[in-house]
Amino acid sequence: MRYLPNTAQNQRAMLETIGVGAVEDLLVKIPAKARLARPLALPPALAESDLVRHLRGLAGRNADADAYACFLGGGAYDHYVPSPINHMVLRGEFLTAYTPYQPEASQGTLRTIYEYQTMIAELTGMDVANASIYDGASSLAEATLMAHAINGRAEIALAGGLNPLYRQVVETYADGPGLKLRDVPSPEGVVDLDAARRVVGARTAALVVQSPNFYGCLEDVAAAAELAHAAGALLVVVSDPVNLGVLEAPGRQGADIVVGEGQGLGVPLGFGGPYLGVFAAKNEFVRRMPGRLVGATVDLDAARGFALTLQTREQHIRRAKATSNICTNVALCALMATIYLATLGKQGLVRVGELSTAKAHYAAERLAAVPGVSLRFAQPFFKEFTLKLPRSPERVAAKLAKQSILAGLPLKTLDRKLSDCLLVAVTERRTKDEIDAFADALAKAVA
Amino acid sequence: MANVPTDLKYTREHEWAKQEGNRVRVGITAFAQEQLGDVVFVELPKVGARVGAHQTFGVVESVKAVSDLFAPVSGEVAEINAELAQKPETVNQEPYGRGWMIVVTPVDAKEWDQLLTATQYEQFIAEGGH
């Protein structure tokens, strides 16, 4: 009871005040059959040192990317998190999950967000980036609402290679404003441009293309942009910013809005979150952009300062007519990304991309050489690819997990047509030994 | 007391309307721009768009608020003030002149008669304006 301020003496005083003899007397109105007639079946309290030992034991039963060779991807990736990130974000000045609520008094926080926005805008090749949104999926859903607000059209065309989980979130968001989702088939792993031309038309608010897409394949973003713009629609590109040290910025390929999951930029896998929703757009659309936006300005003494800007778009001022219901950002994860990019620098980010793609191509070659195993799509890929297996991918993955290899993501529950497929991701963290061991273990598992 | 020209008609949402032949020019009143403070952005419809009386046709954004713009009469947008995209402060400087917003070709002449006169509008803002 040491953390509870109400002592036996307090309780007696309170009971006396209301004229009741005992706490039990307050419960007499509850029917006997609805009451638990025995104490809760809880184990006895542990001493702190015993509790820590107990929790460590439970935590030890988790699989994590340090104890396993992780080839899992599908939206979150085992990129290396440099040590300065943890060192910096744990500082008391920074350690809050929240966006600043008395913003101008938090110049340091605003500055880190401003730098984050600047880096994201540069990476994506866009004019302006916001302070971040919850994750890649919610960023995309907000982008579809934004496209609808910009041109008033009510259909969203989604390329087949979009992460199926993102599609579900878009579906949820689309329900309220009554947006109609239309799918563009991608039978060969990338958008079928002829099919896209038939779907994208005068009613299309935006065409959404993910590149590299969920299957790992690189899309022809420039062709998609041309196609969308010819129909008067916007192009929304879903992009993984950690790849953009090597891959062309979507903004230079014609994207109007760029969104994506920023987890790869120094945010730990963390069993699924919290992650980082990247959101960037062309300047002409800035007043329709959801979320917070930090701007640089000068104060009365002409000294540089930072302020939340264009807040009149936001819910706390514009109420029901706000651009979105998001008045916050994932400030701590955005800070991790900022420190990540500052630590790696331009060359470092290029190196991460080069190593990831080189190792992914080596792994694809080794794995596809296993008898019965092949690459599902004959398309260029970056750090992730889809393997077709001769045996159940679930069983193969379970077998390899016993050898401390997380083989990848079986696609059956996400895409029925690919129930014989395994999605494999390779980051710069994987070693040649790990890849070779994976190939050997796979060969045994499917033999 | 805010400037309320007598040759114009008004809405309770603080737009003014000016008859020009068979068309109606629309802007916001001096009272409205004073209340808003420095205007930083004006969002207008496209030429050819249809607007409805007392329906929103655009948005005016100041440093402290964003407000909807309401059309005094129904009709088709014949002209918009493109200059406001670059110089939104014109709305503060000349609300009844170069700060105009749209020109509408009305479809229902009766709507004109339902707008407030200058005297009625002056009384309306004297009572607080909302």
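Trainee: Which residues in helix 10 of chain A meet A:Ile435, A:Asp436, A:Ala439 and A:Leu442 in helix 12 of chain A?

Mentor: Keep in mind that this is a predicted model. Helix 10 of chain A is part of what covers the buried residues of helix 12 of chain A. On the helix 10 side, the residues are A:Lys359, A:Tyr362, A:Ala363, A:Arg366 and A:Leu367.

Trainee: Is helix 10 of chain A roughly parallel or roughly antiparallel to helix 12 of chain A?

Mentor: The two pack at an angle of about 25°, with their axes 9 Å apart. Angles under 35 degrees count as roughly parallel. So helix 10 of chain A and helix 12 of chain A come out as roughly parallel.

Trainee: What arc do the buried residues of helix 12 of chain A cover around the axis?

Mentor: The buried ones are A:Ile435, A:Phe438, A:Ala441, A:Leu442 and A:Ala445. They sit on the same side of helix 12 of chain A because the arc they cover is only 130°.

Trainee: And which exposed residues are on the face turned away from that buried side of helix 12 of chain A?

Mentor: Residues three or four places apart in an α-helix point the same way, since there are 3.6 residues a turn. Here the face turned away from the buried side carries A:Lys432, A:Asp433 and A:Lys444.

Trainee: How far apart in space are A:Val396 and A:Leu442, C-alpha to C-alpha?

Mentor: A:Val396 belongs to helix 11 of chain A, and A:Leu442 is among its contacts. A:Val396 is buried, with 22 other C-beta atoms within 10 Å. Although 46 residues separate the pair in sequence, their C-alpha distance is 7.4 Å.

Technical notes
Residues numbered from 1 in each chain as written. Chains lettered and ligands numbered in written order. Predicted model: local features only at pLDDT ≥ 70, side-chain atom pairs only at ≥ 80, totals over all residues. Buried ≥ 20, exposed ≤ 12 C-beta atoms within 10 Å, placed from the backbone. Helix = DSSP H or I, 4+ residues; strand = E, 2+ residues; numbered from the N terminus. Arc of directions from axis to C-beta. Contact = placed C-beta atoms within 7 Å. Axes fitted to C-alpha atoms, helices over the stretch in contact; angles between N-to-C directions. Parallel < 35°, antiparallel > 145°, perpendicular 65-115°, else oblique.
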